[in-house]
Amino acid sequence: MSSRKKVGFMAGAGLGAAAAAALRRRWSKADGEPPVERVATPPDAAGEAFLDALSRAIRIPTVSSDTGYDAAVFDEFHGFLAREYPLVHTRLEREVIEGHSLLYRWPGTDPDAAPFLLMAHQDVVPVEPGTEDGWDQGPFAGAIDGDHLWGRGALDDKGPLIALLQAVEALLGEDFAPVPTIYLFLGHDEESGGRGAVAAADLLGARGVRFSFVLDEGGAVAEDLLPGVTAPLALVGIGEKASLDVEIAARGEGGHSSAPPRHTAIGRVAAAIKQIEDHPMPARIDVQRPFLRALASVMRGPRATLLRNPDRFRPVVERRLSASPMTSALIRTTAAVTMISGGVKSNVLPQEARAVVNFRILPGDTVAGVLDHVLSTVGDEVRVTSRGFGGVAADPPPLSSTVSAGFAAVAATIDEVFPGVALAPWILLGATDSRFFRPIADDVYRFAPFTVTPDDMSRVHGTAERVRISDAAGAVAFYRGLIVRAGGLG
Ligand SMILES: [Zn+2]
């Protein structure tokens, strides 16, 4: 997930740690249901190799931030990948995009079969200065203890990246030949804008490539999401919110503050902001219906009944979910007034005042719809201007199918690797690089084969990020299983 978007992995995965905590509180009139039983899976040989490689990958600090990145560190990382995965680097075609993003092509036996794309990103977010002490052995040590492998990027996103390459290398060693062509894309700046992904998608689009499906980060197997949930939930992202900045501005006459008009430019912007905050976009639980149903399937009691029938109990479900900021974000387009400026001196009337409202648009809502809502809410005393996000004003990407062959392959592989886990189609609150490939893909899914609790999620982009040792075998097995399954489809 991107730090720039300030959402955190599980927000990317769909739910921020705070959201998960809020959800837990909201539904926590708990009821003595037995805790979920966890069976730790010891790593097999592939899992051991994964842990060893991931530990070394973490030691190369591929940090990217809004101020850029150190090219030499990424060169070193590329060298590491080439040494570690020699078959990937001799049998697959490899292109370097935008300096340090990597695109691999594994030609299939049937050139007419639609290719698919598996993604992960090389870069990690910086460690916030002053928080280093919270990492027992340092953020870039890749330390392994009894239960966890620790380090910046362990989950986001070097764990998935290494598991993916480990699986491909093994399959190449067994001379596995996929029917459709398989692409791998390893971005170098997901955390700071995704220019690599934009360029790769443009390039592939220009070549006429169209993917049957794309798999990227952004979902996980969530444990302890709520009290009373009887099984872990595999959150598979089928959509994500879009970000949009809207500027609200007003001009004033200026002059001395001793003879002011009834409302200054600042007053008019303030009034508009108040209107926006008091008139949220309508809740749309329809969009989260598949998720609520999946949640209900692993819960018992009256809460499960509510969630199983969100339409019948719409007012109650809406009210409960709307009551906390985080759960409210699941079911509506949100508005956050994040910036304001105006005025130069206490006794001078401001000639200009402006504020920025950051909207997070739920799939089904649009940029145009948000602007209409704002215009009808704020009145005509202010100017309303769409600023887009990162220079682009884009609607949320369309939701992906839950009945496609790609989804079936992802779901069957999850079922195989994480038996007993219920699958929940999910809409991310954050954004992933995969959105740039949406125009050249039939479907985009967001899932990484790791088990996380709300505590684990809070460590991503935070302090003491980690993956479980017990997930090592399954992580490699997931990518292997998915490649064999989807790679066998003609
Ligand atoms: Zn990420």
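In this predicted model, helix H14 passes helix H16 in a right-handed crossing. The axes of H14 (residues 405–417) and H16 (residues 472–487) come within 9 Å and cross at roughly 145 degrees.

- Two packed helices are described by the angle between their axes and the distance between the axes.
- On the H14 side the contact is made by Gly-406, Ala-409, Val-410, Ala-412, Thr-413, Glu-416 and Val-417, and on the H16 side by Gly-474, Ala-477, Phe-478, Gly-481, Leu-482, Arg-485 and Ala-486.
- Sorted by class, the residues in the contact of H14 with H16 are eight nonpolar, four polar and two charged.

**The nonpolar core**

- In soluble globular proteins, nonpolar side chains tend to be buried together.
- In this model the largest nonpolar core has 134 residues, and those with the most contacts inside it are Leu-164, Val-214, Ala-234 and Val-269.
- Helix H16 supplies the largest share of this core, with 10 residues.
- Because domain 1 (8–239 + 398–487) and domain 2 (242–388) both give residues to this core, it lies between them.
- Leu-164 touches Leu-118, Ala-120, Leu-184 and Tyr-479, when residues up to four places away in sequence are not counted.

**The two domains**

- The protein chain is divided into domain 1, which covers 8–239 + 398–487, and domain 2, which covers 242–388, and their centres, taken over C-alpha atoms, are separated by 32 Å.
- Between the two, 25 residues of domain 1 are in contact with 21 residues of domain 2.
- On the side of domain 1 that touches domain 2, the elements that give two or more residues are helix H2 (17–26), strand S10 (233–240) and strand S15 (422–428), and S15 gives the most, with six residues.
- The residues of that side of domain 1 divide into 17 nonpolar, five polar and three charged.

**Details of the backbone**

- A cis peptide bond, with omega about 15 degrees, joins Asp-156 and Asp-157, and Asp-157 has its place in the loop between strand S6 (148–150) and helix H6 (158–173).
- His-461, in the loop between helix H15 (454–459) and strand S18 (466–468), has a positive phi near 65 degrees although this residue is other than glycine.
- His-461 counts as buried because 27 other C-beta atoms lie within 10 Å, where the cut-off is 20 or more.
- Ala-464, which lies in the loop between H15 and S18, has a positive phi of about 60 degrees although it is not a glycine.
- With 19 other C-beta atoms within 10 Å, Ala-464 is partly exposed.

How values were computed
Residues numbered from 1 in each chain as written. Predicted model: local features only at pLDDT ≥ 70, side-chain atom pairs only at ≥ 80, totals over all residues. Axes fitted to C-alpha atoms, helices over the stretch in contact; angles between N-to-C directions. Helix = DSSP H or I, 4+ residues; strand = E, 2+ residues; numbered from the N terminus. Left-handed = near helix turned anticlockwise from the far one by under 90°. Contact = placed C-beta atoms within 7 Å. Nonpolar A, V, L, I, M, F, W, Y, C, P; charged D, E, K, R; others polar. Core = buried A, V, L, I, M, F, W, Y, C linked by C-beta atoms within 7 Å. Buried ≥ 20, exposed ≤ 12 C-beta atoms within 10 Å, placed from the backbone. Domains from an automatic or database assignment.
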